[in-house]
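The structure is shown below.

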Amino acid sequence: MTVRVSRTFTFEAAPEDVWSFIADPGKRASVISVVESYDVHDDRHATWHLRLPIPVIRSTIDVETREVERDPPNRVKFVGRSRAFRVTGEHTIVEEDGTSRLENEFVVEGRLPGVERFFERNFEAEIENLERALHEDVATGATD
C-alpha cells in the first residue's frame, strides 16, 4: 500500500524566502515529529533518525535522504530510504500576485506492517507542523 498526500500553502513572501526553508534538509527534518535527530551531510544529503510508534519497530530507523531534483527557487524533490519505508517529497513554489504558493506532495511506500497506517493517520498533523514552521520562518526572516 502507498500513502500519498498533497497540500498547498500560500505565503505573503517572495519565492526565495520560502525556498530558504524548503531547500534546507535540516529544516525539513526538524518539523517531523517522529524525527528524534538528524545529520545533515551537505545541502542535498541527510540522515533522519526516526522513532515510529508501531509494534514491529523497536529501535530508531535511519532514513537516508537525498535530493534528486533541485531548481532554485522553484522546486526541490527528495527521496528517503530505510528498511521500513521509502518516502518521496516534492515541493514546488509558484509566484502569483505578490505571494508564493507552495505545492507539497509526499508519498510513502511501507516495507513493514503498520508503516502505511501510521503515516496515513499522522500525515495531517505532520503537514500542519510543516506549514506552521514555514509561516514562522517566513515571518521572522530566519535564514539559518
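**Overall form**

The model is a predicted one. Its protein chain contains 3 helices and 7 strands. Read from the N terminus, the elements follow the order β-α-α-β-β-β-β-β-β-α. Along the principal axes, the C-alpha atoms occupy a box of roughly 45 × 30 × 25 Å. The radius of gyration of the protein chain is 15 Å, which agrees with the value near 15 Å for a compact globule of 144 residues. Of these 144 residues, 45% count as buried. Among contacts between residues at least 6 apart in sequence, 49% join residues at least 24 apart. The chain exposes about 7400 Å², and carbon and sulfur atoms supply 45% of that area.

**Charges and salt bridges**

The protein chain carries 19 positive and 29 negative side chains. The centres of these two sets lie 9 Å apart. Side chains of opposite charge can pair when their charged atoms come close. How many salt bridges does the structure hold? There are 11 salt bridges in the structure.

| Pair | N to O distance |
|---|---|
| R4 and E105 | 3.5 Å |
| R7 and E124 | 1.9 Å |
| R86 and E109 | 3.9 Å |

Which parts of the chain does the salt bridge between R4 and E105 tie together? R4 and E105 meet through their side chains. R4 belongs to strand β1 (residues 2–11) and E105 to strand β7 (residues 99–110), so this pair ties together parts that are 101 residues apart in sequence. R4 counts as exposed, at 54% relative accessibility, whereas E105 counts as partly exposed, at 27%.

A salt bridge also joins E124 to R7. Because E124 lies in helix α3 (residues 115–140) and R7 in strand β1, the pair ties together parts that are 117 residues apart in sequence. E124 is partly exposed at 39% relative accessibility, and R7 is partly exposed at 30%.

The side chains of R86 and E109 form a further salt bridge. R86 is located in strand β6 (residues 85–96) and E109 in strand β7, so the pair ties together parts that are 23 residues apart in sequence. R86 is partly exposed, with a relative accessible area of 22%, and E109 is partly exposed at 33% relative accessibility.

Finally, salt bridges link R28, E67 and R70 in a network.

Key: Residues numbered from 1 in each chain as written. Predicted model: local features only at pLDDT ≥ 70, side-chain atom pairs only at ≥ 80, totals over all residues. Heavy atoms only, no water. Salt bridge = Lys/Arg side-chain N within 4 Å of Asp/Glu carboxyl O. Helix = DSSP H or I, 4+ residues; strand = E, 2+ residues; numbered from the N terminus. Buried < 20%, exposed > 50% of the residue type's maximum accessible area, 1.4 Å probe, protein only. Rg over C-alpha atoms; globule rule 2.2 N^0.38 Å. Contact = heavy atoms within 4.5 Å. Areas by Shrake-Rupley, 256 points an atom, 1.4 Å probe, with all protein chains shown as cover. Lys, Arg positive; Asp, Glu negative; His and termini not counted. Charge placed at Lys NZ, Arg CZ, Asp CG, Glu CD.
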